[in-house]
Number of protein chains: 2
Amino acid sequence: MTHPTPALARSRAELTSLLADARRDGARVAYVPTMGALHEGHASLVREARAQVGDAGRVVVSIFVNPLQFAPGEDLDRYPRTLDADLEICAAEGVDVVFAPDADEVYPGGVRAGETDETVTVDPGPLAAELEGVSRPTHFRGVLTVVAKLFGLVRPDVAVFGQKDYQQLVLVRQMAENLCTGVEVVGAETVREPDGLALSSRNRYLDPEQRRRAAMLSQTLRAAQEAARYGLDVAVEAARAELRQAHGVDLDYLEFRRPDLSPLPAEITEETEARVLIAARLGTTRLIDNLPLVLGVPRHLARAAASAATEGDS
Amino acid sequence: MTHPTPALARSRAELTSLLADARRDGARVAYVPTMGALHEGHASLVREARAQVGDAGRVVVSIFVNPLQFAPGEDLDRYPRTLDADLEICAAEGVDVVFAPDADEVYPGGVRAGETDETVTVDPGPLAAELEGVSRPTHFRGVLTVVAKLFGLVRPDVAVFGQKDYQQLVLVRQMAENLCTGVEVVGAETVREPDGLALSSRNRYLDPEQRRRAAMLSQTLRAAQEAARYGLDVAVEAARAELRQAHGVDLDYLEFRRPDLSPLPAEITEETEARVLIAARLGTTRLIDNLPLVLGVPRHLARAAASAATEGDS
């Protein structure tokens with residue numbers, strides 16, 4: 001099976017011209033922003049984008065390694081760049097337009113790791129200092145600033161982000177709403193290896209032993225997810241039991257939050273949707289993952305509630 | 001002469017529907033954001049907007065008193081609201097669409113003076129702490145956040161701002177560029193009363209005596225502008241001489257800057273475009289104004305340069 005090669009835009013002007021007929025026809029545009037080094041996870045985002053706009057719509061993928069979201073000393077320089085392979089994946093997935101701008105096109109004022117000479121940026125608010133933000137305090141300002149820029153350049157109707165970077169998804173959704181971008185932000189499910197490891201462009205940094213051990217992240221989340229029906233304490237203990245068996249893994253955080261990443265209530269008195277999130281280092285490689293779960297009411301509280309109801313009946 | 005009444009949109013959905021044919025036809029949209037209480041200064045912005053897009057284009061005026069750009073204790077509550085008169089002015093100027101949203105439409109997450117419950121805002125960068133920012137430290141975050149929102153709602157090709165609020169114009173232009181909004185920001189010349197007072201919705205706060213004294217702002221700027229050819233020191237002295245004659249006027253600042261509001265070079269060695277900006281209080285009313293000027297080379301430097309050139313010739 002052969003696929004038409006997607007059109008490649010290197011500048012805003014080229015992108016605008018490639019999408020001119022879509023704008024004129026009122027065709028919907030779905031957008032998948034990436035940093036390249038595409039894998040099956042990105043391919044699934046593209047399929048979700050196509051499902052959002054149908055065959056009459058346009059699917060745009062951007063490939064841009066954003067210096068502003070890396071801190072100095074992080075892996076900006078060694079982050080994998082694989083444009084030819086990326087274009088093949090985009091062709092196979094029926095992408096209409098690949099937007100692969102130079103840094104000058106996105107930051108005409110200049111940009112380096114974690115820093116821009118441009119003056120106006122997007123302030124992501126307090127959530128950006130939590131979870132990932134504890135070890136990467138400038139990361140989400142960089143992410144939201146570049147996503148705002150890319151939304152401005154691409155002007156999509158809908159944008160698809162992976163749930164693997166869950167905090168990013170929540171913050172991008174807040175930004176899209178708070179700045180009235182008119183972009184609907186869709187979260188797509190995480191694609192996993194057979195042993196549960198979430199696909200990530202950074203997985204290729206792992207040596208074979210680290211790769212084997214990396215399955216521990218999703219195993220820990222899965223254990224928490226399964227134990228969650230017995231209440232938060234049981235879920236936490238189940239996750240900790242997994243973590244005690246892990247070797248060569250340096251845990252950064254394991255946290256249970258509401259789906260919007262606000263704190264859970266102090267006491268769970270009814271079935272509560274939640275998210276469990278993990279970050280850990282294997283050698284110099286930092287991996288993150290997360291899963292949804294439903295927290296049940298702990299047995300002693302359920303029992304107390306039931307006996308209170310019985311007393312009320314008598 | 002009668003004018004067709006502009007269409008009035010109260011929500012994003014109404015606005016989108018009123019502009020649907022313009023989008024389909026590829027008609028250009030010019031946008032004038034205002035806080036209402038319209039006067040001849042706004043009318044001139046509307047005429048500039050029409051000139052930008054021609055008869056085939058659409059001119060949109062928004063009327064929205066943005067709570068976020070007021071600090072608690074500033075004049076949010078007493079800021080004049082004159083919707084019926086505003087609509088008449090818009091009709092007379094041939095505005096196509098007036099967008100007058102409620103606060104809920106622009107800030108679904110909630111907003112009060114100087115504060116929003118929404119989490120993502122626009123960070124205006126260091127210039128926002130200077131000039132107006134000294135006495136109004138949160139003002140420009142509020143301005144740029146609402147302008148980003150309004151640009152997202154209106155999606156104009158070009159937006160017209162008055163030069164009277166010069167620092168706002170510079171910051172909005174930076175925002176439009178840095179966030180890749182694709183909106184061209186045009187600055188329109190300040191409209192003045194016969195005695196030179198710049199038109200402002202806040203002028204109606206002035207009592208007759210304050211109104212008379214208020215002419216001093218533009219007289220001070222004009223003196224600086226005329227003296228500028230003799231160098232910066234002379235321009236400063238000319239402005240100070242005007243200020244010494246002023247009564248009942250509490251000067252906040254008088255500053256000379258480059259046109260982009262960065263500092264002037266320490267020594268002016270060639271003709272240099274600049275801006276002189278003033279802010280002052282008359283009673284409880286705070287007024288601002290500014291003018292462009294061209295700084296000449298001071299005589300002693302010009303003389304030194306000339307004699308150096310002569311020596312070089314010999």
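Which residue of chain A comes closest to the rotation axis? By C-alpha position it is V122(A), at 2.4 Å. The model is a predicted one.

**Symmetry**

Chain A is superposed on chain B by a rotation of 180° with 0.0 Å of shift along the axis, and the RMSD is 0.0 Å. The two copies are therefore related as by a two-fold rotation axis. Of the interface residues of chain A, 100% are also interface residues in chain B, so the copies meet through the same surface.

**Aromatic rings and charges**

Over all chains, the count of aromatic pairs comes to 8. One of them joins F70(B) and Y79(B) in an edge-to-face arrangement, with 5.9 Å centre to centre and 75° between the planes. The angle qualifies as edge-to-face because it is over 60 degrees. F70(B) is buried, at a relative accessible area of 0%, and Y79(B) is buried as well, at 7%. In chain A, ring pairs link Y31(A), F151(A) and F161(A) into a cluster.

Charged ends also sit over rings, as listed here for one residue pair in each chain.

| Charged residue | Ring | Distance from ring centre |
|---|---|---|
| K149(A) | Y107(A) | 4.3 Å |
| R78(B) | Y205(B) | 3.9 Å |

**Nonpolar core**

In soluble globular proteins, nonpolar side chains tend to be buried together. The largest nonpolar core here has 92 residues. Those that touch the most other members are V60(A), F151(A), M175(A), V60(B), F151(B) and M175(B). F151(A) is also part of the ring cluster with Y31(A) and F161(A).

What is V60(B) in contact with, leaving aside its neighbours within four places in sequence? Its contacts are L15(B), L19(B), V29(B), A30(B), Y31(B), V32(B), V97(B), F99(B) and V154(B).

**Annotated position**

An unreviewed UniProt entry carries the annotation "binding site" at Q69(A). This residue lies in the loop between β3 (58-63) and α4 (83-92) of chain A. Is Q69(A) buried or exposed? With a relative accessible area of 9%, Q69(A) counts as buried, because the cut-off is under 20%. Leaving aside neighbours within four places in sequence, Q69(A) is in contact with M35(A), E74(A), R136(A), H139(A), G142(A), V143(A) and V146(A).

Key
Residues are numbered from 1 along each chain as its sequence is written. Chains are lettered from A and ligands numbered from 1 in the order in which they are written. This is a predicted model: local features need pLDDT of at least 70, side-chain atom pairs count only at pLDDT 80 or more; totals for chains, interfaces and linings use all residues. Side-chain values use heavy atoms; hydrogens and water are left out. Rings of Phe, Tyr and Trp (its six-membered ring) pair if their centres lie within 6.5 Å; planes under 30 degrees apart count as stacked, over 60 as edge-to-face and the rest as tilted. Buried means under 20% relative accessible area, exposed over 50%, partly exposed in between (1.4 Å probe, protein chains only). A charge sits over a ring if NZ of Lys or CZ of Arg is within 6 Å of the ring centre and within 35 degrees of the ring normal. A nonpolar core is a set of buried Ala, Val, Leu, Ile, Met, Phe, Trp, Tyr and Cys residues joined through side-chain atoms within 4.5 Å. Contact means heavy atoms within 4.5 Å. UniProt positions are given in the numbering used here, feature names are shortened, and annotations may be inferred rather than shown by experiment. Helices (H or I, at least four residues) and strands (E, at least two) are DSSP runs, numbered from the N terminus. Copies are superposed by least squares on the C-alpha atoms of residues with pLDDT of at least 70 in both.
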